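This briefing sets out selected features of the structure shown below. The points are grouped by topic.

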Number of protein chains: 2
Amino acid sequence: MSQLRVESFTISLDGYGAGPNQDLINPLGVGGRSLHGWAIATRTFQQHLFGTDGGETGVDDDFAVRGFRNVGAWILGRNMFGPVRGPWPDENWRGWWGENPVYHVPVFVLTHHARAPLVMEGGTTFHFVTEGIASALARAREAAAGKDVRLGGGPNVIQQFLRQRLIDEMHIAISPVVLGSGERLFEGIDLQALGYGCTQHVASPNATHVVLSRQ
Amino acid sequence: MSQLRVESFTISLDGYGAGPNQDLINPLGVGGRSLHGWAIATRTFQQHLFGTDGGETGVDDDFAVRGFRNVGAWILGRNMFGPVRGPWPDENWRGWWGENPVYHVPVFVLTHHARAPLVMEGGTTFHFVTEGIASALARAREAAAGKDVRLGGGPNVIQQFLRQRLIDEMHIAISPVVLGSGERLFEGIDLQALGYGCTQHVASPNATHVVLSRQ
């Protein structure tokens, strides 16, 4: 059965999944990059994101690897796709990732503003979904053709899916940094009432990894 | 210089420092005891709290040990002292810990309702402070006579001290459990703006330990 999974989603010690004041210079918000130190150091991220042969193996990399395993489609909130807000002024913004994005599968971007699909190199096509999360999930599942759907974020989008109990499994990494402000991943979310529990817990020197599963 | 320290304060993966609905049966709130699995298993807690010779050594115990080192006085919020709210109906409530409490030093309990000091066995005296956190800290420092003051909590009391930048160092343990609701330790606290950063990060199979220091 195709699952909806959150993978390698990193929060700070004070619970923030993204820093404040996202813009073109700070796609993860101010301070957001420091969150992802554990991931950037892994062999998997070095290969997938930067095309290099470097990077470390070990606990962190094990979780990075599982994040890319059996993923047939992605769902992203619009702010993860870019800094543009409101109606699209033109077709110029094509994502943070250049002409050959890291996804290599169909990506469904949640937005209130319609836009034609954007076919990129390497198998990635961005589809813009204006009908809400249930529609995005149905389309992503169909596109994934039996594989899983990976939900990228941001926090607000993850909260919407959590409230509907649509997420099967979440791998969350907790980085040893404080952000102080931004978007809290679990703001307004009662994980226990929603039936999620911690089913895995492993730490490396760089981060603590937990898996929360719907029970 | 005498420091104000938070030690062995445990939060859940979703950031709660105590569960909801504290009462006589659930001094840490519903689910709050599951938070403290890492601590209860340590040799230090077994000795200090339960008077047994059992318990584990290792990373968790190292942090438990440091929590009791060089402590000359404690400060507690009233809810940590007991479930009684509002004016004291009588003198019957003498804390959760029996006649020989675990502190063995003066303990300053923050409350809005005056009460005579309570001299217990083993060196613990509970003093009830109605003049606020600055007064409690001044009295605790004097009683500590050069040693440090340990701030026990709860979350709301820690937040009051944090906002005034009065805490020098906090050891926080993150347990692999979700509570879903209760009191968030860092609710309304911008650690970065207050100048706190993570200066230590070690994990065991039972918990992730971090030390936040004022910088």
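B:Ile133 is placed in helix 6 of chain B, which covers residues 133-144. The model is a predicted one. With a relative accessibility of 14%, B:Ile133 counts as buried, because the limit for that class is under 20%.

- Leaving aside residues up to four places away in sequence, B:Ile133 touches B:Leu110, B:Gln160, B:Phe161, B:Gln164 and B:Leu166.
- The C-alpha atoms of B:Ile133 and B:Gln160 lie 7.7 Å apart in space, while the two residues are 27 residues apart in sequence.

**Aromatic pairs**

- Over all chains, the count of aromatic pairs comes to 24.
- One of them joins A:Phe81 and A:Phe128: the ring centres are 5.3 Å apart and the planes stand at 75 degrees, so the pair is edge-to-face.
- A:Phe81 belongs to helix 5 (residues 78-81) of chain A and A:Phe128 to strand 6 (residues 125-129) of chain A, so this pair ties together parts that are 47 residues apart in sequence.
- Both A:Phe81 and A:Phe128 are buried.
- In chain B, B:Phe45 and B:Phe68 form an edge-to-face aromatic pair, with 6.1 Å from centre to centre and 70 degrees between the planes.
- This pair links distant parts of the chain, 23 residues apart: B:Phe45 is in helix 3 (residues 43-50) of chain B, and B:Phe68 is in helix 4 (residues 59-68) of chain B.
- B:Phe45 has a relative accessibility of 11% and counts as buried, whereas B:Phe68, with a relative accessible area of 22%, is partly exposed.

**Aromatic cluster and charges over rings**

- One aromatic cluster is formed by A:Trp74, A:Phe81, A:Trp88, A:Trp97, A:Tyr103, A:Phe126 and A:Phe128.
- A:Trp88, a member of that cluster, has A:Arg115 over its face, at 4.7 Å from the ring centre.
- In chain B, the face of B:Phe68 has B:Arg150 lying over it, at 5.2 Å from the ring centre.

**Overall form of chain A**

- Chain A contains eight helices and 11 strands.
- Taken along the principal axes, the box filled by the C-alpha atoms of chain A is roughly 45 × 40 × 35 Å.
- Buried residues make up 53% of the 215 residues of chain A.
- Among the contacts in chain A with a separation of 6 or more, 64% are between residues 24 or more positions apart.

**Relation of the two chains**

- Chain A is superposed on chain B by a rotation of 180 degrees with 0.0 Å of shift along the axis, at an RMSD of 0.0 Å.
- This is the relation of a two-fold axis.
- Within chain A, A:Ala203 has the C-alpha nearest the axis, 2.9 Å from it.
- Of the interface residues of chain A, 100% are also interface residues in chain B, so the copies meet through the same surface.

Conventions. Residues are numbered from 1 along each chain as its sequence is written. Chains are lettered from A and ligands numbered from 1 in the order in which they are written. This is a predicted model: local features need pLDDT of at least 70, side-chain atom pairs count only at pLDDT 80 or more; totals for chains, interfaces and linings use all residues. Side-chain values use heavy atoms; hydrogens and water are left out. Rings of Phe, Tyr and Trp (its six-membered ring) pair if their centres lie within 6.5 Å; planes under 30 degrees apart count as stacked, over 60 as edge-to-face and the rest as tilted. Helices (H or I, at least four residues) and strands (E, at least two) are DSSP runs, numbered from the N terminus. Buried means under 20% relative accessible area, exposed over 50%, partly exposed in between (1.4 Å probe, protein chains only). A charge sits over a ring if NZ of Lys or CZ of Arg is within 6 Å of the ring centre and within 35 degrees of the ring normal. Contact means heavy atoms within 4.5 Å. Copies are superposed by least squares on the C-alpha atoms of residues with pLDDT of at least 70 in both.
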